[in-house]
Amino acid sequence: MTYNAPLKDMLFVVNELANLSEINQLPGCEDATPDTVEAVLEENAKFCGEVVAPLNHPGDKEPSYWHDGQVTTSKGFKEAFRGFADAGWQGVQHPAEFGGQGLPKLVATPCIEMLNSANIAFALVGLLTDGAIEALLTAGSAEQKTRFIEPLITGKWTGTMNLTEPQAGSDLAAVRTRAVPQGDGTYKIFGTKIFITYGEHDMAENIIHLVLARTPDAPPGVKGISLFIVPKFMVNDDGSLGERNDVHCVSIEHKLGIKASPTAVLQFGDHGGAIGTLVGEENRGLEYMFIMMNAARFGVGMQGIGLAERAYQQAVAFAKERIQSRAVEGSSGPVAIINHPDVRRMLMSMRAQTEAARALAYVGAGLSDLAHSHPEEATRKANLAVYEYLVPVIKGWSTEMSENVARDGVQVHGGMGFIEETGAAQHYRDAKILTIYEGTTAIQANDLVGRKTVRDGGAVARSILAQVRATEAQLAEVQDADLAAIRTQLGAGSAALEAVVDYVVANAKSDVRAVFAGSVLYLKLAGIVLGGWQMARAALVARQKLEAGDGDAAFYRAKIATARFFADHQLAQADGLRHAIVDGSAGVLALDVEQF
Ligand SMILES: Cc1cc2nc3c(=O)[nH]c(=O)nc-3n(C[C@H](O)[C@H](O)[C@H](O)COP(=O)(O)OP(=O)(O)OC[C@H]3O[C@@H](n4cnc5c(N)ncnc54)[C@H](O)[C@@H]3O)c2cc1C
């Protein structure tokens with residue numbers, strides 16, 4: 001169950017599809033030259049493969065545990081986190097002025113993928129810390145930035161996101177945690193937060209909780225939520241640790257997967273009130289959280305891609321070793337199962353979906369870099385809009401994909417997949433959380449329909465479709481049977497997606513229940529078409545490289561074959577999805593509640 005980072009594919013996507021050379025020209029991104037990026041990814045691959053990946057299965061067998069308000073993490077996690085922090089991996093994409101490496105998101109993204117392939121439960125501590133850093137960079141005061149960001153970036157401390165309460169999951173309007181002003185600029189926080197990832201642990205000396213709460217005069221609903229910093233240990237002016245704050249971990253959950261990561265119930269204020277400081281302005285907490293959530297949702301999408309890659313590698317290794325049955329065309333004896341066409345289908349499906357999701361996510365990361373660093377405002381804005389459209393797709397589609405890939409991984413293993421010792425079952429169990437936290441797939445789909453499609457009348461979606469059409473035109477110029485087949489399916493996919501965007505925009509007011517009955521299918525369709533678009537672009541580049549005799553011919557031929565598989569097996573589903581969305585809502589909503 002080793003993990004070998006797919007560096008060749010990662011670098012191909014970074015350079016050829018996400019245009020590192022363009023990102024490298026942006027102000028502040030000059031250090032990200034192709035050579036430097038390759039060296040960074042190689043180093044990260046080594047760390048993830050050698051240090052973090054071996055902890056994955058043992059952590060599942062011996063999860064973190066709670067005792068007297070404290071949490072001891074799985075064996076080896078504490079030391080691995082020190083290695084992670086000391087090597088600067090937490091800070092890859094964060095500003096150099098706070099101790100980060102200041103590299104583009106396009107470089108951090110493959111690093112995040114590798115960490116998650118190695119060990120999702122371990123990677124979560126960094127993912128949540130990234131979210132906290134992002135929120136403070138966005139909305140923190142100069143004093144808060146100075147005090148908190150550097151220790152978070154250097155891994156001296158870690159961060160958490162405290163949104164969920166027993167009655168407030170998807171619906172954050174129901175948050176009840178109270179924040180009472182003390183008249184000295186601080187607030188006392190009272191309430192219970194549940195499901196807080198790495199809410200308590202022994203891997204760093206302090207934990208910086210970012211907490212959603214309501215002040216006494218706050219308006220009801222999401223407009224009355226504010227964001228607070230509540231450190232586990234108070235922080236003195238010189239940065240040293242002060243008194244223990246009144247936030248305590250009363251238990252951690254027993255879970256289906258990601259067992260090594262502690263999921264805490266945190267009690268705020270049971271002994272007089274936890275001291276918190278406001279981030280930004282009162283009642284704007286959800287707005288800040290959304291900025292942080294965009295980063296975190298993208299990060300969870302990367303978790304899906306990382307997990308899918310690991311499950312794929314494991315299934316390939318097993319399929320080459322397991323001998324069973326003669327070949328359908330006849331063979332002298334039983335063959336390795338990778339020779340059976342249906343096992344091939346599963347492996348190709350796992351591989352093609354993982355590569356497509358990777359390509360879409362890395363392209364998204366490049367757009368985020370353009371949105372942040374391009375010198376022209378209009379270009380920044382245009383790229384931000386496309387990136388924001390993609391975030392729910394990257395989160396929702398990549399994580400649903402990872403569950404399917406992990407399920408196929410178990411299936412390839414046969415009975416041994418159901419037995420825990422191979423580890424295939426762990427990937428399947430671990431994958432399940434990815435479609436739930438940071439907003440379920442339905443919540444991502446609501447975002448895609450409401451904020452990302454209806455709000456601008458489908459303008460951004462159509463601008464992306466115009467780019468897909470441009471790729472179709474490029475495919476048409478090439479005489480090649482595989483590329484022609486890809487073009488046919490991509491054309492059908494883009495037509496289906498356009499029809500759905502038109503339908504969503506036209507019916508969002510007049511028939512809102514029908515539109516939302518198809519929201520998750522719209523997200524899936526967008527993922528398939530936009531992932532297929534990236535695979536088509538990849539096939540075009542691969543063909544040019546083959547013609548030019550440039551580089552690894554076997555890699556490029558495999559890329560074209562994988563893109564063709566994606567077109568025939570995934571893109572080909574597009575019109576069926578269109579039908580289910582545009583014509584299938586009546587069936588979704590046909591029965592009364594009492595009939596269930
Ligand atoms: C292991 C783990 C770690 C977590 N880590 C954190 C963390 O660090 N910080 C934190 O704050 N929270 C965390 N969470 C909480 C997580 O984000 C929530 O569980 C998630 O947002 C879903 O909320 P819920 O569980 O209340 O489900 P519910 O909101 O009750 O949803 C139940 C079902 O109803 C659907 N549904 C609900 N509302 C809608 C709607 N409007 N439209 C369509 N469908 C809808 C959902 O899609 C889902 O299928 C974690 C949870 C787990 C299990």
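Leaving out neighbours up to four places off in sequence, S349 is in contact with D408, F565 and Q570. That makes a handy way into this predicted model. S349 belongs to helix α10, which covers residues 341–373. With a relative accessible area of 9%, S349 falls under the 20% cut-off and so counts as buried.

Along the chain A315 and M416 are 101 residues apart, yet their C-alpha atoms are separated by 11 Å.

Q534 sits in helix α18, residues 519–548. Here as well the relative accessible area is 0%, and Q534 is buried. Once neighbours within four places in sequence are set aside, Q534 is in contact with L17, A359, L360 and V363. There is also a polar contact between side chains: that of Q534 pairs with that of R537 at 2.8 Å.

Domain 2 (157–283) and domain 3 (441–589) both supply residues to the shell around the ligand, so the ligand lies between them. In total, 20 residues surround the ligand, and the closest are T164, S170, F195, T197 and T440. Sorted by class, the shell has ten nonpolar, eight polar and two charged residues.

In the side chain of S170, an N or O atom is 2.6 Å from an oxygen atom of the ligand. For T440, a polar side-chain atom lies 2.7 Å from a ligand oxygen atom. F195 does its part through the backbone, where an N or O atom lies 2.8 Å from a nitrogen atom of the ligand. On its own the ligand has 980 Å² of accessible area, and the protein covers 62% of that. The elements that give two or more residues to this shell are β3 (157–162), β5 (186–197) and α14 (441–454).

L172 is found in the loop between β3 and β4 (178–181). The contacts of L172, apart from neighbours within four places in sequence, are L163, L212, R214, V222, I225 and L286. L172 and D342 are 170 residues apart along the chain, and 45 Å separates their C-alpha atoms.

A further loop residue, S240, lies between β8 (233–235) and β9 (241–244). S240 has a relative accessible area of 31%, which is between the 20% and 50% cut-offs, so it is partly exposed. Not counting residues up to four places away in sequence, S240 touches M234 and V235. The side chain of S240 also makes a polar contact, at 2.6 Å, with the side chain of D238. R147 is 93 residues from S240 along the chain, and the C-alpha atoms of the two are separated by 9.9 Å.

N283 is not a glycine, but its phi is positive, near 70°. It lies in the loop between β12 (274–279) and α9, and with a relative accessible area of 26% N283 is partly exposed. E438 also has a positive phi, of about 60°, although it is not a glycine. This residue is found in the loop between α13 (424–432) and α14. At a relative accessible area of 15%, under the 20% cut-off, E438 is buried.

Technical notes: Residues are numbered from 1 along each chain as its sequence is written. This is a predicted model: local features need pLDDT of at least 70, side-chain atom pairs count only at pLDDT 80 or more; totals for chains, interfaces and linings use all residues. Side-chain values use heavy atoms; hydrogens and water are left out. A residue is near a molecule or strand if one of its heavy atoms lies within 4 Å of it. A polar contact is a pair of N or O atoms within 3.5 Å; within protein, one must be able to donate a hydrogen and the other to accept it, and residues adjacent in sequence count only if both atoms are side-chain atoms. Accessible areas come from the Shrake-Rupley method with a 1.4 Å probe; for residues, only the protein chains shown count as cover. Helices (H or I, at least four residues) and strands (E, at least two) are DSSP runs, numbered from the N terminus. Ala, Val, Leu, Ile, Met, Phe, Trp, Tyr, Cys and Pro count as nonpolar, Asp, Glu, Lys and Arg as charged, and the others, Gly among them, as polar. Domain bounds come from an automatic or database domain assignment. Buried means under 20% relative accessible area, exposed over 50%, partly exposed in between (1.4 Å probe, protein chains only). Contact means heavy atoms within 4.5 Å.
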